[in-house]
Amino acid sequence: MSSPRSPTAGEAAQLAGTLARKVRAFWALGPFSDAHMPAVHTALAMAIALGGLLSIGHLGWSVYATFGVMCAAYGRGLAPKPNFLVQLVGGLSLSATVVLGAVLGLMPDRELAFVIVAPVWAGIITLVGIRVQWRPAGALFHMFGLGAVAAVPSSSHLVAVSAVVSLAATAMTLVLGAILVRVIPRRTVHPDPELPTVLGVLRDRAAWRLAGTYVLVSAVAGLIAHSLGLGHVSWAVLTAVAPLSASGHGSRLLRGTQRLVGTMAGLGVTWLFFVMHPGEVATVIAVIVLQGVTELIVVRNYAWAMLTVTPMALKRLRFGAVLF
């Protein structure tokens with residue numbers, strides 16, 4: 001029996017070169033693609049929302065407002081009318097998500113309630129996203145919002161507050177977007193998407209297959225995290241559904257790996273923030289800046305984006321923790 005052949009110097013060099021290219025590709029930034037538009041829109045809307053809540057002494061409500069603002073992330077590169085419609089549907093669905101999360105916060109076992117409801121909601125939102133063709137695709141923002149709001153105890157008063165604050169933030173963001181889309185120059189504008197009908201989506205097997213994938217993945221992740229008693233079940237669900245916004249197995253594997261590596265690095269950035277013990281004003285400014293940077297790079301490289309998403313997400317949850 002012959003022993004395995006050792007690679008030649010040329011083969012070793014070729015392997016090293018391939019590995020180096022993959023590492024560079026992992027961290028490489030993609031095309032700019034007018035990323036400044038959603039970055040400016042989201043950062044300004046976040047500044048108005050958080051600044052307003054800070055001025056009235058209700059920064060704890062920011063967990064409701066920030067997800068209304070996130071409708072600004074939808075509709076990248078579209079003309080004004082379809083851009084507004086996509087963001088309108090995104091904002092209304094995010095507001096509904098916030099209210100649903102506040103309702104889950106009423107439950108004695110909020111974590112179990114989230115595990116049961118989140119997969120169903122993920123499937124519904126996925127079908128809605130396919131209907132309006134929003135980008136970024138999928139239900140990631142909604143799972144984030146549902147988990148963040150459901151993580152803290154609620155009351156009937158806060159359910160009403162969540163509806164008012166999230167809808168107000170959505171309305172403000174839509175008005176701001178309608179102004180900015182006519183003011184900020186863009187290099188390219190995508191053609192208006194051909195939207196499927198509601199009946200067309202309901203008859204589309206591919207749509208149901210994608211929605212079913214969201215349901216299955218979020219259910220399995222949530223049940224495993226809950227049964228093991230790990231806590232922070234929503235983070236398990238988020239990590240599981242994040243790669244699904246990419247198309248194809250290879251892209252999803254890359255997205256999942258980028259999320260894992262980027263989150264680990266992002267925890268280091270978060271540690272620095274907490275060590276500095278910033279006050280409320282400094283924290284608000286940090287969240288606004290991080291939100292703008294995130295929108296600049298999130299579609300260009302997901303790993304780099306996680307460096308800003310992780311501290312921003314934990315800061316938002318800390319805002320929510322002061323509700324009570």
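Mentor: This is a predicted model, and the part to take is helix H11, residues 249–276. The chain has 13 helices and zero strands. Of its 324 residues, 46% count as buried. Among contacts with a separation of 6 or more, 80% are between residues 24 or more positions apart.

H11 itself has 28 residues. From its first C-alpha to its last it reaches 41 Å, close to the 40 Å expected at 1.5 Å a residue. After the helix comes His 277, whose phi is positive, near 50°.

Now the side chains. The buried residues of H11 are Arg 255, Gln 258, Arg 259, Gly 262, Thr 263, Gly 266, Thr 270 and Phe 273. H11 also contributes to a nonpolar surface patch, giving the most to it, with four residues. The patch covers about 720 Å² and is made by Val 23, Trp 27, Leu 29, Leu 260, Val 261, Met 264, Leu 267 and Trp 304. Helix H1 (9–27), like H11, supplies at least two residues of this patch.

Leu 29 belongs to the patch but is found in the loop between H1 and helix H2 (36–55).

Methods:
Residues numbered from 1 in each chain as written. Predicted model: local features only at pLDDT ≥ 70, side-chain atom pairs only at ≥ 80, totals over all residues. Heavy atoms only, no water. Expected span 1.5 Å × (residues − 1). Buried < 20%, exposed > 50% of the residue type's maximum accessible area, 1.4 Å probe, protein only. Contact = heavy atoms within 4.5 Å. Patch = residues over 30% accessible without salt bridge, like charges linked within 9 Å, V, L, I, M, F, W, Y side chains within 5 Å. Areas by Shrake-Rupley, 256 points an atom, 1.4 Å probe, with all protein chains shown as cover. Salt bridge = Lys/Arg side-chain N within 4 Å of Asp/Glu carboxyl O.
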